[in-house]
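Reader: Could you walk me through this model, a few questions at a time?
Author: Gladly; here it is.

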2 protein chains.
Amino acid sequence: MGERVHRVVFEPDGRTLFVPDGQTILEAAQRAGVHLNAPCGGKGTCSGCRVIIPHDPPPPTETCLRELSGEEIRRHLRLACQVRVRGDMRVVIPEETRLGDQRILTEGVARAVPLAPNVRKVAVHLPSPSVQDQRADGERLLDGLADEGLADLRLDVKVIRELPARLRDLEFHPAAVVIGRDVVHLDRATSADACYGIAFDVGTTTLVGYLVDLTTGRQAAVASRANPQAAYGDDVIARIEFCGRQRDGARTLHGLVVGALNEIIAEVCRKAAIRPSVIYEATVVGNTTMNHLLLRLPVEGIARAPFVAASASAHEVPSKDLGLRMHPRGRVYTAPLIASFVGADTVGVILATGLHEDDRLRLAIDIGTNGEIVLGTRSRLLACSTAAGPAFEGARIRYGMRAATGAIDRVDLEGERLALHTIDDAPPVGLCGTGLIDAVAALLEAGIVSRSGLMRGGAGAAAVTEPRPSESGAVAPALAQRVVGADGETGFILAGADETQTGHPVLLTQRDVREVQLAKGAIAAGIVMMLEEFGARVQDVQEVLLAGAFGNYLRPERALAIGLLPPLPTARVRFVGNAAGAGARMLLASRGLRRVADDLSRGVEHVELSQRPEFQARFAEAMFFPVPGP
Amino acid sequence: MGERVHRVVFEPDGRTLFVPDGQTILEAAQRAGVHLNAPCGGKGTCSGCRVIIPHDPPPPTETCLRELSGEEIRRHLRLACQVRVRGDMRVVIPEETRLGDQRILTEGVARAVPLAPNVRKVAVHLPSPSVQDQRADGERLLDGLADEGLADLRLDVKVIRELPARLRDLEFHPAAVVIGRDVVHLDRATSADACYGIAFDVGTTTLVGYLVDLTTGRQAAVASRANPQAAYGDDVIARIEFCGRQRDGARTLHGLVVGALNEIIAEVCRKAAIRPSVIYEATVVGNTTMNHLLLRLPVEGIARAPFVAASASAHEVPSKDLGLRMHPRGRVYTAPLIASFVGADTVGVILATGLHEDDRLRLAIDIGTNGEIVLGTRSRLLACSTAAGPAFEGARIRYGMRAATGAIDRVDLEGERLALHTIDDAPPVGLCGTGLIDAVAALLEAGIVSRSGLMRGGAGAAAVTEPRPSESGAVAPALAQRVVGADGETGFILAGADETQTGHPVLLTQRDVREVQLAKGAIAAGIVMMLEEFGARVQDVQEVLLAGAFGNYLRPERALAIGLLPPLPTARVRFVGNAAGAGARMLLASRGLRRVADDLSRGVEHVELSQRPEFQARFAEAMFFPVPGP
């Protein structure tokens, strides 16, 4: 006796399959190469594989009842992984469930997410009105989009004001731009492929923008700028104080960041050869202060006890309201926050690293002007913020700079000399974050910098009263002689005046070392406190993820060498790049992740370090450098 | 053995009941005088009686699954009529389900609807922030409102910009104004009772505004104005042509109607002694052209074949966008339309008369500048529009006026004289709609006006060549001598110059009679066509509802006497006043009705009379007056 098979027709493309009795629709589709959105792999937890069974849908399973709304069930939606084929049937695959072969966001450290953006641009052929078909223009368009699987959309009065003329100009064959449930614009049908979004990481010191082609999920260009607000204070506290002190201070800071974001938009458009008007959505992650200044929310409450933000929610605002020069009816989505000092950037880090979906105990550290730390597992996540300062972003460092051409991004001790590497192999200009960490690590290794952070001189250097690291012998004379007095403080010459682009030497100064100690000490102390709060030991941590808008690769062994991280095998440490920015890109590519972000915003426990009396002691301990390892 | 009883505690007021085993929560509540919103009386069809069972809710019944969303079921919502009490339990009654004793909209002809407005104003006591409770201001407010049963609300960025200062001014004890899902404003807690809406009937000729107290559902004041757009054409076609002809014509007409609506707002506020800023929502019904001119949508498509409107949907727009002087963050809801010439006013008439819920065949006629006709039952409704013209609203009538002080609103033939009644018993000024119909009916009865509409003179009147109505004897001389020549046409003196306020006589002219013939002929012909389309005979119609913004009572026998209605027993005819306006008030009082309005907008069949070749013949026949009845 042969196997019973049924005929299943997939709409809208009419593909027909013969499916063995009892197989699920998802299995059948997968075998036939019909790609459905099912990131959970058919476990019934992602609710991605929604399909419509127009005739005699089977009763909803428990899973369907849990994952779908009552309205969806009434509309005959079911999860394809839940429906077993028991007879011939027709299955409609809504637009949101379809998944092209290469529609996966793969760039950067972001985890792969199915491309299901909040913005869709869909070409429709509408029938022309006639006495037999007198539907209003608005209803005609909405009906046409519903036929394309985009049901329950809305048309704002502002769009309808232009709709009759626009539809007739386009001969009833427009490409509709849909953001969320709103039809915001009609473009020519031939421009249906021109559909972009931009993901912003708005940091205290550094702004990065990633242009994403929303039809493919591919990153089309990237650009960054220094945050020009830094002129009014290099950390968030200083900027909040400026807003309190200065009338229109908040307006000034808002204008500055928007101006820089507009420069980024212009740059990525130039690089990708597109018009800014085909960027329909921006997503933004940023710390609470950056978020509030961008949205023009009051910041005063953030900086004074009890440290209360105006809003922790995600927001969707018209691009016009903020002054961003993208499509004039575009939208800006700002990701939700966790607490006053743990912002949407941390939500982005969690999304990008998947901490919230892992059973292993993992630690993520986002090294920016504030150092945010997240520790935990799928069942419990803790987050805190430490005032690390902007040292690793090049600020407050004598020769600090962003990761641009000529920045020393790598320093290695090779015998008795230091080997430098610069970005684009250009003559040195200054030190970027990775170079700074490398330089300190190399000088620690060489014995030039002591455990307490004192720079040990050659001829003419300040007297060193502190005992030298025990295992270290004499400092190599070739290195010791590079320690010089400069402007009243001690410094180490990384590159001499004759080697640089500028004609000035590049030095690492005693004060720079102190800045590094403060920054890494704050983060290291935070890690210790978080482990205590979680009730875990250092060795329980299965993976440490180092994140940050470093332009270049940060070497885990160097982070361990300067004691930024607690002592752990190097193999457990991984640098994941700008995870906050990767999270912003994921939120652009997958609107479903925005619900996950909301859950994280409410579910992650915030640990307020400043309220704990033991923090200062931990901080003081953590400023020491570790004994150089083998 | 005694009956088993269980203890049921109703939250938030803590009322405790002992309930026999097996009774539903709704029954138990009703017996105890706990008022739940259950307009369907417990049949499980209205989904009004939603309650939350916080602990161990019973599995949802079929009815619950049908009426509630998946999200609601997950939130432990159930319908009180579906849950049988089987043990001790706690039941939370959300704000939307609570029903005060007198919270029923009863004024006017509107059917009683449970008061469940789209606008809520709720006082909340929020805990002050502390280091132990660092929730952001926005989340603090949303959490507080959720505790009051208002879950899933949203806070716009514009509101949050003011929130921190506002919450502290109000010492964390605000009255939150919620429109739909949006918190739009925080008022003082002591003003929680000041919560109003206004329902507008925007007619081609007449504008009416009803101020409704949304905490009680009672009508607080009413005011009306002539539509000042009439200066640019007294019907919709003329106004659309003006917009096509004149640059900025649409803007001019928009400004005029908004100005008049603002006068109405000012007047009802004066009458009710409230500030316009406590009016948070306006609902609007109006024909398609009035709707589009108010919303600033293009009107050109309405008037030229194939007669296509820009939008038939309901819209919700900020009051600011339209320029209405109510609360600056208030909203204007415009009801949906059926077709280009069957507008939201007709949706209002259907809602107010309940045509869509009745098994009987019923006919409703809304007499305005356009005469809209609806015919049908619960299972099928037809609607059409006839170009009746503004005669019944006083326009195009020599001494026509709105129903205001001094308007002749009633004319009776008493033997050989006419008895007049005027509004406020003031000396006559002119004729309003009911007076016009009465005057024509009286003169028909007296034999002064013939079946074909000719006015038959006394001395000095034009020669009458037409045969006189057969049953009529000689015209009473006292009446015949009141027919005079005036400005080259024949007229009947209703009130002499010595009797009026103005010192001029009030006449009904030959041309006025022609206007009445055109108006009533259009409507009567429409009724005939609608019956044919439905496949019913006149005598199948169980009830005829006459609606219109007539200021005074329109007598059904007079509508029959002039042939506005087909011959039917008077007992089947009922005047229901301004049903469109009543519908607007119902949409203000019950947000759930807005979904019903959407269904009507899509479900009612539009009959396009102008496309039917037989219409002109029917129209010509219908212009005749009927033979005066017994």
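Reader: Good to see it. Against which helices do the buried residues of α6(A) pack?
Author: A word first on conventions: this is a predicted model, in which local features need pLDDT of at least 70, side-chain atom pairs count only at pLDDT 80 or more, and totals for chains, interfaces and linings use all residues. Residues are numbered from 1 along each chain as its sequence is written, while chains are lettered from A and ligands numbered from 1 in the order in which they are written. Helices (H or I, at least four residues) and strands (E, at least two) are DSSP runs, numbered from the N terminus, and contact requires C-beta atoms, placed from the backbone, within 7 Å. The buried residues of α6(A) pack against α7 (249–272), α8 (288–295) and α9 (300–303) of chain A.

Reader: Which residues of α6(A) are buried, and where on the helix do they fall?
Author: A residue is buried if 20 or more other C-beta atoms lie within 10 Å of its own, exposed if 12 or fewer, and partly exposed in between, with C-beta atoms placed from the backbone. In helix α6 (residues 236–245) of chain A the buried ones are Val236(A), Arg239(A), Ile240(A) and Cys243(A). Seen down the axis of α6(A), these fall within an arc of 100° (taken from the directions from the helix axis to the C-beta atoms), so they line one face of the helix.

Reader: What relates chain B to chain A?
Author: Superposing by least squares on the C-alpha atoms of residues with pLDDT of at least 70 in both copies, chain B can be laid on chain A with an RMSD of 0.3 Å.

Reader: How many residues of chain B touch chain A, and which element gives the most?
Author: 39 residues of chain B are in contact with 40 residues of chain A. On the chain B side, 22 are nonpolar, 11 polar and 6 charged; here Ala, Val, Leu, Ile, Met, Phe, Trp, Tyr, Cys and Pro count as nonpolar, Asp, Glu, Lys and Arg as charged, and the others, Gly among them, as polar. With 5 residues, the element that gives the most is α5(B).

Reader: In what order do the strands of the sheet with β6(B) run, and which stand at the edges?
Author: This is an open sheet of 4 strands with mixed pairing, in the order β6-β8-β9-β7 (chain B); two strands pair if DSSP finds at least two bridges between them. For example, β6(B) and β8(B) pair in the antiparallel sense over 5 bridges. Each edge strand has a single partner, so one side of each is left without a neighbour in the sheet: these are β6 (119–123) and β7 (154–155) of chain B.

Reader: Where is the cis peptide bond in chain A?
Author: The proline concerned lies in the loop between α9 and β14 (315–318) of chain A. Omega is near 5° for this bond, which runs from Ala305(A) to Pro306(A).

Reader: Is Asp248(B), with its positive phi, buried or exposed?
Author: Asp248(B) has a phi of about 65° although it is not a glycine. Asp248(B) lies in the loop between α6 (236–245) and α7 (249–272) of chain B. With 10 C-beta neighbours inside 10 Å, Asp248(B) counts as exposed.

How values were computed: Contact = placed C-beta atoms within 7 Å.
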